[in-house]
Structure formats: C-alpha cells, structure tokens
Amino acid sequence: MEISLAAEPLFYLGNFPVTNTLLVTFAIGVFIFIISFSLKNRLSLVPRGVQNIVEYAIEGLLDLVDSVTNDRRQTEKFFPVVSTIFIFVILSNWVELIPGLGTVGLNATHHGQATIIPFLRSASADLNVTLALALISVFTIQFMGISAIGVVKYAKKFFVSPLHKPYFIGTFVGVLELIGEVAKILSFSFRLFGNIFAGEVLLTVMLTLVPFFIPLPFLMLEIFVGFIQALVFAMLTLVFLKIATVEAAH
C-alpha cells in the first residue's frame, strides 16, 4: 500500500493528465446537474421523494443563512453561493465513504513495486480542488463587497491615508486586512484538504488491515467530519460575505 499526497493520473488526453480527483469532481458536477434539472421539470405542490429531501435541505440552509444575515434580501444574494459550496464540498467529502476507496483501481508499478492507482479519491483530498474552491470563495467575497458598498468605500478597508488620525495606525491596520484576505485562501484550502486527506488515509489503512467491522466506527466518524468541514467552509464564506458588505468604520 502506498499513500500519495498528490492526485494520481488514471489516463491522459494528449498531454493532459486525467486524475482520479478530476474524474470524481466531474462526476459530482454531473450528478448535481442531473438532480437539479430533473427536479426543475418535475416540481409539484405536494413534494415527495427526492423533492421532499431537497426542499428540506434548502429550507434548513435558508434558515441558517438568515440567522447570520438577519436580512432576507441579503440572504437571497448569498444563498446560491453558500449552498452550492456546501453541497459540492459535502458530496466530495463523502466520496471517501464509497466502497472500494483506495483498493479498486489500476495496477501500476512505482519504484519497482506493484501498486494500485485508485479510481476513487475524494476531490477534497486534492489540494488543487480545495485551492480552487478557496479562490472562488475569496473572489466572490471581494466581488459581493464591492457591488454592495462600491469600489471606493470597499477600498477604504485596505487603503487609508497615513495623514488620517491616528497617524499611520489606519494604514497599518489596512495592510493587515489585505494580508488577511490572502490568508483566507490558504486557510480555506489547507483546512479542508488536511482534514479530508487525513480521514481518507485513515480509512484506507483500516480497510486494508482489518476490512470487516472494525472500520465501521471510523466510517461514522468520517460522515460527521465530512459534514462539519462542508458546514465550516460554507459558514466562513457566509460570515466573510456579511463582513465584506459592511462599510469600514474609519
């Protein structure tokens, strides 16, 4: 058994490597699209089946966003971004619970030793994916902040005249705010990647050593961790969106 920090390529399209995490990411996107499209064409006044589950989840997320914004109009602006991030992240986190994780794949040779390149790997266990999500989140925060209060007022959060009292303090705080925005990208991406990758490694090791019964508590734990990590990512995005739409005090 070999644990790879980077996503493993399954095949190549020309010179472009198609990795297992890229395949899973594409499959999750297609799954979300199919469910959304099928529900759109089959909506009924009395929900049943999948529609009932989806409506229950949407109502719960709406109430959660409302509890932070305390403004229904603002909730309607933030909800598409926050809910999409939550749904995508939780599905990508729970991929690691599918049977065959780390044990079903392509036979390969690495450093003269036979190994397996798994077909399935959680998209959140790929730093490229979590970094992309972090960039989307942070850039959306900046865009929403600018569109809500305007370019000049938003810029005042980061750029303050050194002549403004108290002298230089405002500029120093503005620089810290700017550094903080960049730090959000690292914080978002590494937090999600670290937690899910560690959980995936744990499950792979347990399923390899003791494939029956013993891994069940760890599977339950990963269900909980996957949900919490998706909720944390979505909630942090929501809180930062709320902060970004508030004018600077100075």
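**Finding the way around**

Modeller: Start at F119, which sits in the loop between β4 and α4. Helices (DSSP runs of H or I, at least four residues) and strands (runs of E, at least two) are numbered from the N terminus. This is a predicted model, where local features need pLDDT of at least 70 and side-chain atom pairs 80 or more, while totals for chains, interfaces and linings use all residues. Residues are numbered from 1 along each chain as its sequence is written, and side-chain values use heavy atoms, with hydrogens and water left out.

Colleague: How far apart are the C-alpha atoms of F119 and V24?

Modeller: They are separated by 8.6 Å, although F119 and V24 are 95 residues apart along the chain.

Colleague: OK, zooming out. How many helices and strands are there in the chain?

Modeller: There are seven helices and four strands. Going along the sequence, the pattern reads β-β-α-α-α-β-β-α-α-α-α. The protein chain has 250 residues, and 36% of them count as buried.

Colleague: And how many salt bridges in the whole structure?

Modeller: The search finds three (a side-chain nitrogen of Lys or Arg within 4 Å of a carboxyl oxygen of Asp or Glu). One of them joins R121 to E8, with 3.4 Å between the closest N and O atoms.

Colleague: Which parts does the pair of R121 and E8 tie together?

Modeller: R121 is in the loop between β4 (113-118) and α4 (127-149), and E8 is in the segment before β1, so the pair links parts that lie 113 residues apart in sequence. R121 and E8 are both buried.

Colleague: Which side chain does D66 meet in a salt bridge?

Modeller: D66 pairs with R72, at 2.2 Å from N to O. D66 has a relative accessible area of 18%, so D66 is buried. R72 counts as partly exposed, because its relative accessibility is 43%.

Colleague: That leaves E181 and K184. What is the N to O distance there?

Modeller: The side chains of E181 and K184 come to 2.7 Å, N to O.

Colleague: Why are E181 and K184 separated by about one helical turn?

Modeller: Because E181 and K184 are three residues apart in helix α6, which covers residues 169-209. E181 is at 12% relative accessibility and so counts as buried. K184 is buried too, with a relative accessible area of 12%.

Colleague: While we are on that helix, where is T204?

Modeller: T204 is in helix α6 as well. T204 is buried, with a relative accessible area of 7%. The C-alpha atoms of T204 and E96 are separated by 9.1 Å, and the two residues are 108 apart along the chain.

Colleague: Back to the backbone. What is phi of N70?

Modeller: Phi of N70 is near 55°, which is a positive value in a residue other than glycine. N70 lies in the loop between α2 and α3. With a relative accessible area of 67%, N70 is exposed.

Colleague: Last topic, pockets. How much space lies in the largest pocket?

Modeller: About 770 Å³. A pocket here is an open set of points on a 1 Å grid over the protein atoms alone where a 1.4 Å probe fits, with protein on both sides within 12 Å along at least five of seven lines. The volume is the space filled by probe spheres set on the points, which are joined across faces, edges and corners.

Colleague: Which helices supply at least two residues of the lining?

Modeller: α1 (20-40), α2 (50-69), α3 (72-94) and α7 (216-244) each do.

Colleague: And how do the lining residues divide into nonpolar, polar and charged?

Modeller: The lining has 19 nonpolar residues, four polar and no charged. Ala, Val, Leu, Ile, Met, Phe, Trp, Tyr, Cys and Pro count as nonpolar, Asp, Glu, Lys and Arg as charged, and the others, Gly among them, as polar.

Key:
On a 1 Å grid over the protein atoms alone, a cavity is a set of points where a 1.4 Å probe fits but cannot get out, and a pocket is an open set with protein on both sides within 12 Å along at least five of seven lines; lining residues have an atom within 4 Å of a point. Buried means under 20% relative accessible area, exposed over 50%, partly exposed in between (1.4 Å probe, protein chains only).
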